[in-house]
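Please keep the sequence and the model in view while reading.

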Amino acid sequence: MTSYEDLPPALFAFPGPLRDSLVAAVLSGEKTSTTGLLTEYGAVGDPLPVVGERMAVVGERMAVVDSAERPVAVLEVTGVRVPPLAGVDLAHALDEGEGFTSVAEWRAAHERYRHGPQIREVLGDPGFTVADDTPVVAERFRVVEILPTP
């Protein structure tokens with residue numbers, strides 16, 4: 001049996017209710033895309049995901065981590081692009097699996113999150129805001145394995 005505790009994590013939001021709902025959407029198959037800030041990758045020292053990279057096992061894969069810091073699934077990246085925030089399309093917004101029905105709805109939710117104190121702390125910028133030209137990492141993925149729960 002593979003030990004998943006040593007895999008690099010795939011983190012959706014911060015631990016708590018939002019992460020719980022995002023992980024549930026990943027596990028159900030509703031969430032097949034996600035969006036991060038390009039500057040966030042640099043701030044935390046994470047490399048950009050690579051198309052075809054398996055996210056879990058020995059550097060080529062990562063495990064989705066729940067709020068209790070347990071690995072719950074293995075993902076495979078199927079697409080990555082770095083558009084400006086204003087370049088995110090409806091298909092990507094819908095595939096985030098959060099119930100958005102328009103890009104405007106998606107953007108409003110992402111602005112609330114990205115303007116929150118936790119993101120600003122990670123970025124080291126208490127006044128950080130996003131704009132139309134803010135580069136984002138628009139990632140698509142698929143679940144390749146749901147891990148057993150303890």
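Which residues of helix 4 are buried? The section on helix 4 below takes up this question.

## Basis of the report

This is a predicted model, in which local features need pLDDT of at least 70 and side-chain atom pairs count only at pLDDT 80 or more, while totals for chains, interfaces and linings use all residues. Residues are numbered from 1 along each chain as its sequence is written, and side-chain values use heavy atoms, with hydrogens and water left out.

The predictor's confidence in each residue is given by pLDDT, on a scale from 0 to 100. The chain has a mean pLDDT of 87, and 87% of its residues reach 70 or more. Over residues 53-60 pLDDT stays under 50.

## Overall architecture

The chain contains five helices and six strands; helices (H or I, at least four residues) and strands (E, at least two) are DSSP runs, numbered from the N terminus. Their order along the sequence is β-α-β-α-β-β-β-α-α-α-β.

Of the 150 residues, 39% count as buried, where buried means under 20% relative accessible area, exposed over 50% and partly exposed in between (1.4 Å probe, protein chains only). Contact means heavy atoms within 4.5 Å. Among contacts between residues at least 6 apart in sequence, 70% join residues at least 24 apart.

## Helix 4

The buried residues of helix 4 are Trp 106, Arg 107, Ala 109, His 110 and Arg 114. They lie on the same side of helix 4 because they cover an arc of only 165° around the axis, the arc being that of the directions from the helix axis to the C-beta atoms. On the other side of helix 4, Ala 104 and Arg 112 are exposed. The cover over the buried residues includes strand 2 (33-37), helix 2 (38-44), helix 3 and helix 5.

Trp 106 belongs to helix 4 (residues 103-114) and is buried, with a relative accessible area of 0%. Beyond its neighbours within four places in sequence, Trp 106 is in contact with Thr 35, Leu 85, Val 88, Ala 93, Glu 96 and Phe 100. The C-alpha atoms of Trp 106 and Leu 94 are separated by 8.2 Å, although these residues are 12 apart along the chain.

## Nonpolar cores

A nonpolar core is a set of buried Ala, Val, Leu, Ile, Met, Phe, Trp, Tyr and Cys residues joined through side-chain atoms within 4.5 Å. The largest one has 12 residues, including Leu 37, Leu 85, Val 88, Trp 106, Phe 128 and Val 136. Helix 4 and helix 5 (117-123) each supply at least two residues of this core. Apart from this core lies another, of 11 residues, among them Phe 12, Ala 13, Val 23 and Leu 75.

## Helix 1

In helix 1, the buried residues are Arg 19, Leu 22, Val 23, Ala 25 and Val 26. Their arc around the axis is only 160°, which puts them on the same side of helix 1. These residues pack against strand 4 (63-65), strand 5 (71-81) and strand 6 (136-146). Helix 1 is followed by Gly 29, whose phi is positive, near 90°.
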